[in-house]
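Here are my notes for your first look at this structure. Keep the sequence and the 3D view open while you read.

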Amino acid sequence: MAPLSVEEARAALLAGLRPLGRIKVRLEEANGRVLAEAVRAPGPYPPFSRSLVDGYALGPHDANSDGSSFIYRLVGTVTAGSTTAIALKEGTAAAVFTGARLPEGTVAVVPVEAVKERQGEIVVLDFPASGRYLEQSGEEVKPGEEILAAGTVIGPGEISLLAALGFREITVYRRPRVALATTGNELREPGNGRVADFFDRAAIYGSNLYALAAAVEAYGGQVICLGILKDVLEEQVAACRRGLEEGDLLLFTGGAGGSAFDFTSAAFSGAGGELLFTELAVRPGKRAVAARAGNKLMIGLPGTPPAAQVLFYLLVVPVLKAMGGRQGALSAFLAPLKKAVDRPRAERTFYWARVECRGGRFEVTPLPRYPGGIRAAVGANALIDLPPGAAPKEGEEVTVIMISDIE
Ligand SMILES: Nc1nc2c(c(=O)[nH]1)N[C@H]1C(S)=C(S)[C@@H](COP(=O)(O)OP(=O)(O)OC[C@H]3O[C@@H](n4cnc5c(N)ncnc54)[C@H](O)[C@@H]3O)O[C@H]1N2
Ligand code: MOO
């Protein structure tokens, strides 16, 4: 199969992909989830007309002789939560506190700072503009109004609105289940300590499973761990079948090359997958495989740890987003290079980088490169996307793709 560009590979993976099913979650579990249906307000907000300040609710006014200030007779006090029934008639006022329900007949509210109080009366020195210092019932949200559209990502602000309107549960898309396996006879589980002859025997600790599990969780997926698989086709086909049964997406790392000991594409086909690509025109990540089986996807990332992680951001994140009801890839923008890219390549290449904000401007530094690359992603919050043959110098603008926050 001819190598695909990252964009073609992404389009092949996303073609026909629909968000997964919907579930109800309680508000305390809703952060970061995506609304599967629009939410309408069951009632008005605020639910009653209320004061926004500690001050006085004024009845219809009664100008004093020189017209410069107004005198009101105090007829009661309403604190927040109080349902005292007071009706303000001409020339009367009630002390009210922030959040208090306004008495019937209120025409204006003044803050305590804008009045002079004397026995049983107040003198309003500065009459407030209409509607200031108070909020009418339903002023912000009307009953039945759509307050959040389907597809909204829920954060603290949305949770605040939902809770204020009395919601305890909302309907969101189900999180994608990602079955994760890593392949290679040389791989061992970390945690066994540095056994003396372990490394002499050419074994290494598998790191991809841990790195990818963390990345899947960070992008809203749930991990089903299939563990380390041997370079044995039957074992890998069986793992693929289990992964397809239990997961929405199957992720393999290792064995993505075309050698006699690379079984990923054969395993995907053996488990009923229709291959979408077996190579990409990008570095790192040239050796990558993907297949579709019904509405499930199988992606075989390279074994090389930084290559597996780069492709995770470029291909797996958009798939996780689409399955979870969100659109698009990671955000990208232009930023000047703080340092020239060392040894640029002839192919399209993604470099690990760190974006910082200095004096209100973003700048991006390519991180040191290592041949095997196990340290490559440490401290990275972005990738630099360089077109084939580009060799940008310090100060030149390059495309950066954000993979985590700017600190
Ligand atoms: N003749 C060629 N050889 C290679 C080419 C090439 O174009 N021609 N491409 C290289 C590139 S690029 C990559 S990437 C690797 C990817 O190949 P595979 O996906 O088949 O990966 P493996 O061979 O299984 O492993 C590569 C490397 O990574 C180590 N590894 C594997 N899994 C893990 C893991 N879970 N944790 C840590 N390290 C892992 C593995 O031991 C190997 O050292 O192929 C190149 N070869
Ligand atoms: O395919 Mo390799 O993934 O270019 O690093």
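Predicted model: local features only at pLDDT ≥ 70, side-chain atom pairs only at ≥ 80, totals over all residues.

The points below go through the ligand site, the sheets and a few single residues.

1. **Who surrounds the ligand.** Start at ligand 1. It is surrounded by 20 residues. Among the closest are Thr182, Ser207 and Lys286; Glu186 and Gly303 also belong to that closest group. By type, the shell has nine polar, six nonpolar and five charged residues.

2. **Backbone contacts to the ligand.** Look at the backbone here. A backbone N or O atom of Ser207 sits 2.8 Å from a nitrogen atom of ligand 1. Asn208 places a polar backbone atom 3.3 Å from a nitrogen atom of the ligand. Ala256 has a polar backbone atom 3.0 Å from an oxygen atom of ligand 1. How much of the ligand does the protein bury? Taken alone, ligand 1 exposes 860 Å², and the protein buries 66% of that.

3. Six strands make an open sheet, in the order β16-β13-β17-β20-β19-β18. The pairing is mixed. Which strands stand at the edges? They are β16 (222-229) and β18 (274-277). Each has a single partner strand, so one side of each lacks a neighbour in the sheet. From one strand to the next, the twist averages 20°.

4. Strand β13 (residues 177-183) runs parallel to β17, and five bridges join the two. Thr182 stands opposite Thr253 in β17. Remember Thr182 from point 2: it is one of the residues closest to ligand 1.

5. Gly258 lies in the loop between β17 (249-253) and α5 (264-270). Is Gly258 buried or exposed? Its relative accessibility is 73%, so Gly258 counts as exposed. Its C-alpha atom is 9.9 Å from that of Ala288, a residue 30 positions away along the chain.

6. **Another open sheet.** Here six strands follow the order β7-β4-β6-β5-β9-β8, again with mixed pairing. The edge strands are β7 (108-111) and β8 (115-118), and each pairs on one side only. Neighbouring strands in this sheet are turned by 35° against each other on average, direction ignored. Within the sheet, β5 (residues 70-78) and β9 (residues 121-124) pair in the antiparallel sense over four bridges.

7. Now find β24 (residues 382-386).

8. **Partners of β24.** Strand β22 (residues 349-358) pairs with β24 in the antiparallel sense over five bridges. Strand β25 (residues 397-402) also pairs with β24 in the antiparallel sense, over four bridges.

9. **A buried threonine.** Thr171 lies in strand β12 (residues 169-173). Its relative accessibility is 12%, under the 20% limit, so Thr171 counts as buried. A polar contact of 3.4 Å joins its side chain to that of Glu37.

Methods. Residues numbered from 1 in each chain as written. Chains lettered and ligands numbered in written order. Heavy atoms only, no water. Near = heavy atom within 4 Å. Polar contact = N/O pair within 3.5 Å; in protein donor to acceptor, adjacent residues only side chain to side chain. Areas by Shrake-Rupley, 256 points an atom, 1.4 Å probe, with all protein chains shown as cover. Nonpolar A, V, L, I, M, F, W, Y, C, P; charged D, E, K, R; others polar. Pairing = 2+ DSSP bridges. Axes fitted to C-alpha atoms, helices over the stretch in contact; angles between N-to-C directions. Buried < 20%, exposed > 50% of the residue type's maximum accessible area, 1.4 Å probe, protein only.
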